Amino acid sequence: LQAYGSSPMEIIYNNLQTLRYVFDYILLDCPAMSVSDDVTFLLPETDGVMVVVEADRTKKEQIQNTQQTIERADGNLLGFILNKRQYTVPGWIYNRL
């Protein structure tokens, strides 16, 4: 791998084909799309995208905007991962379900 490019995302993009040849699976942990648009130019080069959504914090509009951005960039949205969900059912009841 060579570190050439003007940004970290460009370096990843430039080396993605080499990584694909060496590894069966490649996971990229990228910043939120609301923070940086750098991720969008990687989307067409990926097999799929999973979006992590924080329970009770991420707004529906943010999720919809992220989904639309992925689709406009020809990304393959595989789904959403709900993170930090709080269980309202007591543990002893939940374990019996």
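**Exercise 1.** Does Asp47 count as buried or exposed, and at what relative accessibility?

*Solution.* The model is predicted: local features need pLDDT of at least 70, side-chain atom pairs count only at pLDDT 80 or more, and totals for chains, interfaces and linings use all residues. Residues are numbered from 1 along each chain as its sequence is written, and side-chain values use heavy atoms, with hydrogens and water left out.

Step 1. Buried means under 20% relative accessible area, exposed over 50%, and partly exposed in between (1.4 Å probe, protein chains only).
Step 2. Asp47 has a relative accessibility of 61% and therefore counts as exposed.

**Exercise 2.** Identify the partner of Asp47 in a salt bridge, and state what the pair ties together.

*Solution.* Step 1. A salt bridge requires a side-chain nitrogen of Lys or Arg within 4 Å of a carboxyl oxygen of Asp or Glu.
Step 2. Asp47 meets Arg20 in such a bridge, at 3.5 Å from N to O.
Step 3. Arg20 belongs to helix α1 (residues 8–22) and Asp47 to the loop between α1 and β1, so the pair joins parts that lie 27 residues apart in sequence. Helices (H or I, at least four residues) and strands (E, at least two) are DSSP runs, numbered from the N terminus.
Step 4. Arg20 is partly exposed, at 31% relative accessible area.

**Exercise 3.** Describe the salt bridge of Glu54.

*Solution.* Step 1. The partner of Glu54 is Lys84, and their closest N and O atoms are 3.9 Å apart.
Step 2. Glu54 is in strand β1 and Lys84 in the loop between β2 (77–83) and α3 (91–94), so this pair links distant parts of the chain, 30 residues apart.
Step 3. Glu54 is partly exposed at 25% relative accessibility, whereas Lys84 is exposed at 52%.

**Exercise 4.** Which residues make up the largest nonpolar core?

*Solution.* Step 1. A nonpolar core is a set of buried Ala, Val, Leu, Ile, Met, Phe, Trp, Tyr and Cys residues joined through side-chain atoms within 4.5 Å.
Step 2. The largest one has seven residues: Met33, Leu43, Val49, Val51, Val53, Ile70 and Ala73.
Step 3. Strand β1 (residues 49–54) gives the largest share, three residues.
Step 4. Beyond its neighbours within four places in sequence, Met33 is in contact (heavy atoms within 4.5 Å) with Thr40, Leu43, Thr66, Thr69 and Ile70.

**Exercise 5.** State the order of helices and strands along the sequence.

*Solution.* Step 1. The protein has three helices and two strands.
Step 2. Along the sequence they follow the pattern α-β-α-β-α.
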